[in-house]
Structure formats: C-alpha cells, structure tokens
Amino acid sequence: MLDWNDVKTKANEDGEFCIHARMWNSSLRISIGDQRKRIDIESGKITEIHDWRGGAPTDLSISASHRDWEELLQDVPKPFYQDLYPASIHHGFEITGDRDNYCAYYPAIRRLIEIFREVRNAKI
C-alpha cells in the first residue's frame, strides 16, 4: 500500500511536518489490516520505520481495516475520511495509547497522514 522509505524521506523533508513534530519523541504503531509498522520519531524526525511484530510497546497506535485505510488515503476522500479525527468517530479507526502525546502532536500526526496520502497517490 505504501512505500515506507518514501514516507520517511518525504516526512523528514517536509517543512510543515518538521514544524509540528519538533521536540516529538515517540513511537507510533500503524496497523493497516494485518500489516503493522512501527515508526520511531526522535526530536521530530522519523528515524526508523520497520515491521512491528509485537513485544515492545508503542506510545500511540492507529489501526483500521485495509478498506478504511484505502478510503482515508484516497486522493479525494469521502466525507469523514478527510482527516483522522472524524474517521475515528464515524469509521473503523481506533487510536490508543498516550492521549496527551496524541493531542500535543495531532498536527504532526495529521500531516503525516497527508504524507501517507501523497505517497499512496504519487503519479509515476
């Protein structure tokens, strides 16, 4: 679904993400159906994206079915799929973990989801 190397590069080069993520130290688990990735963030930069097989906890987890992620990452999403927050209220997205971390860095998370969308819909 996503080229994770492109996600890392694009996020670390993105001015908006870097501003919102400054001082962010966290681990984020993204679950797209059965696929689970761990994104490590240090001082606002993504240092690593790798498969998550369980064991080590993460600070935040965002999970949904493959179908829901497909809808969220459409070039022009349907209503309530344009942003993670309404998708978590009206669709099958589940956000768990440190709520203070989530709230403090929601703008960075929102921009990261937009970067997912851009990578997913990149024209070849």
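Contacts between residues 24 or more positions apart account for 62% of the contacts in the chain with a separation of 6 or more, where contact means heavy atoms within 4.5 Å. The structure is a predicted model, in which local features need pLDDT of at least 70 and side-chain atom pairs count only at pLDDT 80 or more, while totals for chains, interfaces and linings use all residues. Residues are numbered from 1 along each chain as its sequence is written, and side-chain values use heavy atoms, with hydrogens and water left out.

The overall fold comes first. The secondary structure comprises six helices and five strands, arranged from the N terminus as α-α-β-β-β-β-α-α-β-α-α. Helices (H or I, at least four residues) and strands (E, at least two) are DSSP runs, numbered from the N terminus. Along its principal axes, the C-alpha trace spans about 35 × 30 × 25 Å. Of the 124 residues in the chain, 47% are buried. Here buried means under 20% relative accessible area, exposed over 50%, and partly exposed in between, with a 1.4 Å probe and protein chains only.

Neighbours within four places in sequence aside, Phe116 is in contact with Leu2, Trp4, Val7, Ile30, Ile39, Trp69 and Leu73.

A pair of aromatic rings is described by the distance of the centres and the angle of the planes. Rings of Phe, Tyr and Trp (its six-membered ring) pair if their centres lie within 6.5 Å; planes under 30 degrees apart count as stacked, over 60 as edge-to-face and the rest as tilted. Five aromatic pairs are found in a search of the whole structure. In one of them, the ring centres of Trp69 and Phe93 are 5.0 Å apart and the planes stand at 70 degrees, so the pair is edge-to-face. Because Trp69 lies in helix α3 and Phe93 in the loop between α4 (84–90) and β5 (94–97), this pair ties together parts that are 24 residues apart in sequence. Trp69 and Phe93 are both buried. Trp69 also forms a tilted pair with Phe116, with 6.2 Å from centre to centre and 50 degrees between the planes. That pair links distant parts of the chain, 47 residues apart, with Trp69 in helix α3 and Phe116 in helix α6 (residues 106–120). Trp4, Trp69, Phe93 and Phe116 form one aromatic cluster.

Charged groups also meet rings. Arg29 lies over the face of Trp52, 4.2 Å from the ring centre, and Arg99 lies over the face of Tyr102, at 5.7 Å. The criterion places NZ of Lys or CZ of Arg within 6 Å of the ring centre and within 35 degrees of the ring normal.

Several polar residues complete the picture. Lys37, in strand β2 (residues 35–42), is buried, with a relative accessible area of 12%. Its side chain makes a polar contact of 2.5 Å with the side chain of Asp51. A polar contact is a pair of N or O atoms within 3.5 Å; within protein, one must be able to donate a hydrogen and the other to accept it, and residues adjacent in sequence count only if both atoms are side-chain atoms. Beyond four places in sequence, the contacts of Lys37 include Trp4, Ile30, Asp51 and Trp52.

Asn101, in helix α5 (residues 99–104), is likewise buried, at 11% relative accessibility. Residues up to four places away in sequence not counted, Asn101 touches Trp24, Asn25, Ser26, Asp59 and Leu60.

Arg67 lies in helix α3 and counts as exposed, at 54% relative accessibility. A polar contact of 3.3 Å joins the side chains of Arg67 and Asp68. Ser65, in the loop between β4 (60–64) and α3 (66–72), is partly exposed at 34%.
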